Amino acid sequence: MDYKKELIKRVIFIMENSMYLIEPQNTLNLLNLYLELEKNNKDLLQDLEVLLLSDDDISNNNLYQEVKKRKNNEEYLLKLKENKNNIIDPFTLLSLVRKYVIRENIGNKEILKKIDTLDEYFRIIRYKNNKYTYISGANLEPNDIKNHIEIKSGVIRNGVKKEDKINYSKIYHYDFINYISNIDNHHKDNLSILTEEEKQKIYLLFHDEIPWNTKEVCTKSNLFFSENYCNQEFYLNEDDIFYYHDNYYMMCPNCYNIVIVDSNKLSNSIKQKIRKRNNQDSYYLRNVLYKREYLINEKKKILMKK
Ligand SMILES: [Zn+2]
């Protein structure tokens, strides 16, 4: 088994299907939800542990098959629709499993590796489409707080008393866990088994955004101020792109030339969003030009002071 590929498959599955794995609940309080599951639906937590951590291919997992059925079950889909504010997101789902794994694996010498492996799932779903590399697993690292990470629903701390517990784990082989939790298999820059590019790919499956590192070159523009251009590369930003006469443009952040954006770099729905935004604001073009003029003047002032 290619463990990395399997991990990616599992992450995508969780991101796609977290809402089908646990039925919508009245409470979004993580601890109550956990206690309720532990009391009445322990098998589910057990199956989730197996889904995330076992050596078995995910397609053999009970829940994997169950989700397929639920997606075609009208009654279930209706329930989801009625409770759409209370459906479980991937982060919360993983937090529940983590809590379960910690409680149920006390005395199991693989417990730390299991937690490390679960942290890898958190690291992947924490990816944000911006220039920052996030290294946090379930618990937020100080480095990531500095990067203005959005703090999601709190992770349950490991407040479990050390007592002799029966080990309910259904995992009998540890190759997947050993591979994913092994530091030697992690990239040094993000402490993760996946590269930032691989995480980005997963992220973009679920978010219709321009990859933050999409570049454009400042070059002669057919319409606006083409006499001055700096030839430098800059990153595209959806909010700064506008539509005018069949083309998409963005102001170069280095020299304030207004540059044509290669429309192949924009998805259809992003193009639609931009056009819609422009249609709603009849002054958008004037505003861009004012902003440009203002920025050029500010730059001149700074240069004169020097
Ligand atoms: Zn430029």
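Which strands does helix 12 (residues 284-305) lie across, and at what angle does helix 12 run to strand 3? In this predicted model, local features need a pLDDT of at least 70 and side-chain atom pairs count only at pLDDT 80 or more, whereas totals for chains, interfaces and linings use all residues. Residues are numbered from 1 along each chain as its sequence is written.

The protein chain has 12 helices and five strands, where helices (H or I, at least four residues) and strands (E, at least two) are DSSP runs numbered from the N terminus. The radius of gyration of the protein chain, taken over C-alpha atoms, is 24 Å, well over the 19 Å that the globule rule gives for 306 residues, so the chain is more spread out than a compact globule; the rule is 2.2 Å times the number of residues to the power 0.38. Along its principal axes, the C-alpha trace spans about 75 × 45 × 35 Å. The chain is divided into domain 1 (3-206) and domain 2 (215-305), with bounds that come from an automatic or database domain assignment, and the C-alpha centres of these domains lie 41 Å apart.

Within domain 1 (3-206), the axes of helix 1 (residues 3-21) and helix 7 (residues 111-125) come within 11 Å and cross at roughly 65°; axes are lines fitted to C-alpha atoms, for helices over the stretch in contact, and angles run from 0 to 180 degrees between N-to-C directions. The crossing is right-handed, the near helix being turned clockwise from the far one by less than a right angle. Leu7, Val11 and Met15 in helix 1 meet Glu120, Tyr121, Ile124 and Ile125 in helix 7, contact requiring that C-beta atoms, placed from the backbone, lie within 7 Å. By class, this contact has six nonpolar, no polar and one charged residues, with Ala, Val, Leu, Ile, Met, Phe, Trp, Tyr, Cys and Pro counted as nonpolar, Asp, Glu, Lys and Arg as charged, and the others, Gly among them, as polar.

An open sheet of three strands has the order 3-4-5 with antiparallel pairing, two strands being paired if DSSP finds at least two bridges between them. Strand 3 (242-244) and strand 5 are the edge strands. Strand 3 and strand 4 pair over three bridges, with tyrosine 243 opposite tyrosine 248, while four bridges join strand 4 (residues 247-251) to strand 5 (residues 258-261), where tyrosine 248 stands opposite valine 261. Strand 4 and strand 5 form a hairpin with six residues between them, and tyrosine 256 in the turn has a positive phi of about 70°. Helix 12 lies across strand 3, strand 4 and strand 5, running at about 115° to strand 3.

How values were computed:
Contact = placed C-beta atoms within 7 Å.
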